[in-house]
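Please examine the sequence and structure shown below. A short report accompanies them.

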Amino acid sequence: IKVIDDGDDNLERPWLFEKGSTLSNQSVCFRFHPHTAKLLGELKGEFTKYKLLNVSGMKSIYAIRIYEMLMRWKDRKHVTITVDELKERMLLTSKAYSLFGCIKQKVITPAMDEIALYSDINPSYELIKKGNKVVSVKFYFEYKEGRTPKDALREDALTTLKVIKETLT
């Protein structure tokens, strides 16, 4: 967990202090690191809340992270984020993501497709450039009418069953 305090300090701390399971593997026990437990205890209003069903069909961690980011700004229905901040939030540390074109192709476009398919929103975005260089991305979304994440999961399951049936016949 990365903790940014009021000053200029960024601290990285582990989430867990201990973890284990019972001999029968029917339960898992863990204990938060004392610093993390303190932060969780102080958590009262600055958190993002959404229905788990809205991300349950997503396979891409980037789709889930972008969805969470959009839900954090759900009252405004848009958020502008610099490319550097996007890289940090998506944990894109590899040199493979040094060019924005790779980020767009491998992270943003597939994530937006999954969010549109499985969640309760229709996302879109625009690139903000300085000269020829993309410096920020502005994400927008609007809520869908009448279609639920369950509908998308059901359609996905029916498609999978259809492919299996065609393969067997």
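## Basis of the model

The model is predicted: local features need pLDDT of at least 70 and side-chain atom pairs count only at pLDDT 80 or more, while totals for chains, interfaces and linings use all residues. Residues are numbered from 1 along each chain as its sequence is written, and side-chain values use heavy atoms, with hydrogens and water left out.

Helix α2 (residues 61-72) contains R65; helices are DSSP runs of H or I with at least four residues, numbered from the N terminus. With a relative accessible area of 24%, R65 is partly exposed, a class lying between buried (under 20%) and exposed (over 50%), for a 1.4 Å probe and protein chains only.

Leaving aside residues up to four places away in sequence, R65 touches R89, M90 and L91, where contact means heavy atoms within 4.5 Å. The C-alpha atoms of R65 and A111 are 8.9 Å apart, at a sequence separation of 46 residues.

## The salt bridge

One salt bridge is counted, defined as a side-chain nitrogen of Lys or Arg within 4 Å of a carboxyl oxygen of Asp or Glu. It joins E85 to R89, with the closest N and O atoms 3.0 Å apart. Both residues belong to helix α3 (residues 83-89), and because they are four residues apart, about one helical turn separates E85 from R89. E85 is partly exposed at 32% relative accessible area, and R89 is likewise partly exposed at 31%.

L161 lies in helix α5 (residues 149-168). Its relative accessible area of 53% makes L161 exposed.

Notes: Helix = DSSP H or I, 4+ residues; strand = E, 2+ residues; numbered from the N terminus.
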